[in-house]
Amino acid sequence: MHFVTKQTTIEPVSTLEIVPRPSITIIGGGPGGYEAALVASKFGAEVTLIERNGIGGSAVLTDVVPSKTLIASADSRRRVMSAPSLGLEFDAHSVKSNIELIDRRLLRLAADQSEDIRRGLQANGVRIMMGEACFIERNVVEVKTMEGNVEHVSSDAVLIATGASPRELPTAKPDGERIFNWKQLYSMDELPEHMIVVGSGVTGAEFASAYQLLGSNVTLVSSRDTLLPGEDPDAARVLEEVFSENGVNVISRTRAEAVTRIKDGVRVELSAGGYVEGSHCLLAVGGIPNTTGMGLENIGVEVTESGHIKIDAVSRTSVPGIYAAGDCTGRLALASVAAMQGRIAVNHILGDVVKPFSRNQVASNIFTSPEIATVGVTAAMVATGEYQVDEYMIPMASNARAKMMNVDEGFVKIFARRGSGHVVGGVIVAPRASDLIYPLSLAVSQKLHVDDLAETFTIYPSLSGTVAEVARQLHKREQF
């Protein structure tokens with residue numbers, strides 16, 4: 001028997017084709033940008049991140065981190081002030097808010113967080129450029145650095161994550177002393193005697209709640225019939241009741257026509273007639289996207305009439321290789337959404353498995369007192385008939401742990417798809433609702449059945465026990 005040996009030629013390693021590292025330019029250092037940069041660098045991309053103000057963007061430096069730190073101080077005062085109802089006695093009759101120390105602490109925390117993010121990016125090999133970016137070509141960005149230099153950065157793909165800025169009214173110009181936007185609040189040396197908040201959306205409600213808890217008199221001017229238009233009506237009703245009990249003066253169905261300085265204060269002219277005067281005014285009337293001056297028209301990126309960048313479910317713009325994430329897209333103005341959009345964009349650029357962005361899986365939180373957390377399908381969506389659901393709600397006041405904590409407002413509500421019993425949405429109004437919403441968020445994203453929640457152990461006593469109890473109430477017995 002004869003055997004034939006087949007010889008195989010092995011090419012030397014030096015002659016093999018070397019696949020270059022993909023290069024990505026990211027414009028904007030907020031959550032949409034820095035989260036994307038970390039993912040991209042982890043998977044071997046060459047990443048350049050361009051930021052004009054500070055790493056972390058407005059979310060870290062002037063918005064989310066500072067405002068939620070302010071709210072944490074306010075909530076701490078609330079808990080101390082309510083301590084006598086738990087049997088605790090104090091020698092002092094009041095707890096004063098030192099706004100100068102509060103502001104100093106929150107700005108320090110914001111700066112520390114920004115620096116932590118910077119170190120993390122640099123440790124992962126991300127090149128950081130501080131400056132202004134403008135498109136020259138589809139894959140070429142001109143950067144004017146803070147040092148006055150000009151550099152052209154070329155890359156395989158670009159992610160735009162430039163965020164948004166506070167909207168200003170032509171008749172109500174912030175001055176940073178008595179009239180503020182949400183970026184300017186943190187330089188006061190004394191607590192406002194009477195803060196007038198213009199705007200009844202999430203930002204307005206959060207600051208109205210915070211300053212009232214810190215000890216200010218608060219008036220909230222709303223152009224709508226209710227607080228938090230578009231949010232769960234049961235949750236909005238709870239907050240309205242809390243505001244009423246705490247003495248927040250809500251002026252509904254009227255707009256702020258103008259805000260002007262008067263001696264030692266401000267005057268807000270109302271569209272319904274008359275005016276209201278206070279010591280300070282906060283304008284919380286939405287944001288505008290930071291998309292002008294970037295040369296988007298040079299490369300054909302489509303934007304809406306409001307200036308927001310049009311994207312699809314995987315963050316692609318109308319131009320191949322150009323992606324966008326965060327508040328500049330006009331989807332949902334949430335840091336978590338920006339971060340998710342940025343991660344999705346990078347995964348798509350690198351050819352990884354991508355799960356398209358779904359509005360019906362977003363969890364969000366309003367940091368009022370109590371907090372309001374929601375996820376998935378909303379009451380408004382159910383009202384349109386788009387979703388057929390069973391829903392159940394249990395007041396938080398019936399929860400044993402809530403009673404121990406002297407919590408008597410709030411609830412847990414779950415929406416389950418009629419027929420299948422899968423969890424499609426939920427609302428929690430309670431202290432730390434931002435933490436309590438996680439099991440419902442997991443249930444929505446993983447299409448869990450109400451029985452999966454009902455049969456999972458919870459701690460007794462705990463606020464999360466009500467989540468399981470609501471799920472048990474939605475259990476359907478098998479018919480034999």
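View 1. The model is predicted: local features need pLDDT of at least 70, side-chain atom pairs count only at pLDDT 80 or more, and totals for chains, interfaces and linings use all residues. Residues are numbered from 1 along each chain as its sequence is written, and side-chain values use heavy atoms, with hydrogens and water left out. Strand S19 spans residues 371–376; strands (E, at least two residues) and helices (H or I, at least four) are DSSP runs numbered from the N terminus. Leaving aside residues up to four places away in sequence, Thr374 touches Glu231, Val362, Ala363, Ser364, Gly426, Val427 and Ile437 (contact: heavy atoms within 4.5 Å).

**View 2. Helix H4 covers residues 99–123.** Its 25 residues reach 36 Å from first to last C-alpha, close to the expected 36 Å, which is 1.5 Å times one less than the number of residues. After H4 comes Gly125, with a positive phi near 85 degrees.

**View 3. The buried residues of H4 include Ile99, Ile102, Asp103 and Leu106.** Ala110, Ser114, Ile117 and Leu121 of H4 are buried too. An α-helix has 3.6 residues a turn, so residues three or four places apart point the same way. Among the elements covering the buried residues of H4 are helices H1 (31–42), H2 (57–61), H3 (64–81) and H5 (202–214), together with strands S2 (46–51) and S3 (127–137).

Key. Buried < 20%, exposed > 50% of the residue type's maximum accessible area, 1.4 Å probe, protein only.
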